Amino acid sequence: MNFLLEKTTDNSRARAGVITTDHGKIETPIFMPVGTAGSVKGIHTRDIRDDIKAEIILGNTYHLYLRPGIDVIEKAGGLHKFNGWDRPILTDSGGFQVFSLGDLRKLTEEGARFQSHIDGSYHQFTPESVMDIQRSIGADIMMAFDECTPGDADYDYAKKSMELTRRWLDRCFKRFNSTEPKYGYSQSLFPIVQGATYADLRRQSVAHVRNFDANGYAIGGLSVGETEEEMYEMTEVVTADLPQDKPRYLMGVGTPVNILEGIHRGVDMFDCVMPTRNGRNGMLFTSEGIINIRNQKWENDHSPIDPNGTSFVDQYSKAYLRHLVISKEMLGAQIASQHNLAFYLWLVKTAREKILGGDFVSWKNEMVLKLKHRL
Ligand code: PRF
């Protein structure tokens, strides 16, 4: 994998680049739809590729390991063969999903013991096992095993947690470097910067991850309960110290505004469940603002969901989509998810064009105002 930095900006840290993997190119900044259990919920691969125009999707080590299980994915020949997506895939390591389990998990130096959310069975993830699982899934980009420190952690907890993630990273790279890809194409390992909301811990974490000369670096532990100002400040602290010539990935972020502000602060890659999850609940992100499609005011609005939208689903009317969502028709969740993902991909593609054209900041400021507006 390699990264070409095509353009930087004078009045912003925003950058445009191209990541090349054995499964094709990714133009950055990019948004990656989340396909937790191997599918982007409700959306066919054909539409992810040709309508939403995604260039890379996510999978989750935690979910795929529990179900269908790694032996099934190996027998399929890897996740690309299993789900029919022949472009790049990034897998999260399970660090965040295990953290979300709360009482069902216990962290030790060795790793994380947890109970399955499916059947209550006991399992252990270690940095080594998580590398082996991601080799078997066949992700183009594998993530290090980390502890996602809660946003409200006190300094002592955050420091110990960041140091545990650091020791786990050493073990991840040791295992990664002593194993081979299983399916004939290359895989990269991205370290994850932690340190909660403490600038000095973030800087120490960056200094450590830089030792590995990785193909890219992730920023974790944000959008987990801290304020938006803290999230932006920590993003700035981290991108200031990361190498310029490698992609930066802000994990699990966020709203369209968060993404534009992240790009402005030097981030190249994003993922979030928000477009699909909120879409299923009837929340639509459009170029004019946010729509709650369940609202009575759309009952007889027969205009398109988004007149400027790039997806074929945008031709359906607001009144029809409202009816589908309120009636809990499957198609309602599908249309809303597909619209939102197409909007997110349009947003990052346009950001890229503005960066290349040299007028990113003024466009960003204008968009931020529109995107906060509720219709
Ligand atoms: N670590 C991992 N995955 C993540 C996060 C993290 O900190 C976050 C935090 N926003 C989302 N997904 N491994």
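Trainee: What should I keep in mind about the numbering and the confidence limits before reading any values?

Mentor: Residues are numbered from 1 along each chain as its sequence is written, and side-chain values use heavy atoms, with hydrogens and water left out. Since the model is predicted, local features need pLDDT of at least 70 and side-chain atom pairs count only at pLDDT 80 or more, while totals for chains, interfaces and linings use all residues.

Trainee: Into which domains is the chain divided?

Mentor: The bounds come from an automatic or database domain assignment, and here they give domain 1 (30–272) and domain 2 (273–375). The contact between them, where contact means heavy atoms within 4.5 Å, takes 23 residues from domain 1 and 29 residues from domain 2. The C-alpha centres of domain 1 and domain 2 lie 27 Å apart.

Trainee: How much area do domain 1 and domain 2 bury between them?

Mentor: Buried area is the accessible area (1.4 Å probe) that two parts lose on being put together, summed over both. For domain 1 and domain 2 the value is about 2300 Å², with 75% of it on carbon and sulfur atoms. On the domain 1 side, Asp51, Pro256 and Leu260 lose the most area to domain 2, and together they account for 27% of what that side buries.

Trainee: How many salt bridges are counted between domain 1 and domain 2?

Mentor: A salt bridge is a side-chain nitrogen of Lys or Arg within 4 Å of a carboxyl oxygen of Asp or Glu, and the count between domain 1 and domain 2 is 1. In the structure as a whole there are 16 salt bridges. Glu261 forms one with Lys364, the closest N and O atoms being 3.1 Å apart, and the side chains of Glu261 and Arg265 meet in another at 2.8 Å, N to O. Salt bridges that share partners join Glu236, Glu261, Arg265 and Lys364 into one network.

Trainee: Are Glu261 and Arg265 buried or exposed?

Mentor: Buried means under 20% relative accessible area, exposed over 50%, and partly exposed in between (1.4 Å probe, protein chains only). Glu261 counts as buried because its relative accessibility is 12%, and Arg265 counts as buried because its value is 14%.

Trainee: Why is helix α6 described as largely enclosed by the rest of the structure?

Mentor: Helix α6 (residues 127–137) has 10 of its 11 residues buried, so it is largely enclosed by the rest of the structure; the buried residues include Val130, Met131 and Ile133, and also Glu128 and Arg135. Just after α6, Gly138 takes a positive phi of about 85°.

Trainee: Which residues does Leu341 contact beyond its neighbours within four places in sequence?

Mentor: Leu341 lies in helix α13 and counts as buried at 1% relative accessibility. With its neighbours within four places in sequence left aside, Leu341 is in contact with Phe31, Pro33, Val40, Ile43, Ile52, Pro275 and Thr276. The C-alpha atoms of Leu341 and Ile52 are separated by 6.3 Å, although these residues are 289 residues apart along the chain. Thr276, in helix α11 (residues 274–280), is buried with a relative accessible area of 6%, and its contacts, not counting residues up to four places away in sequence, are Val40, Ser337 and Leu341.

Trainee: Which residues form the nonpolar patch on the surface?

Mentor: Patches are made of residues with over 30% relative accessible area and no salt bridge, like charges being joined within 9 Å and nonpolar side chains (Val, Leu, Ile, Met, Phe, Trp, Tyr) within 5 Å. Accessible areas come from the Shrake-Rupley method with a 1.4 Å probe, and for residues only the protein chains shown count as cover. Here Phe312, Tyr316, Tyr320 and Leu331 form the patch, with about 340 Å² of accessible area together. Leu331, found in helix α13 (residues 330–357), counts as partly exposed at 34% relative accessibility.

Technical notes. Helices (H or I, at least four residues) and strands (E, at least two) are DSSP runs, numbered from the N terminus.
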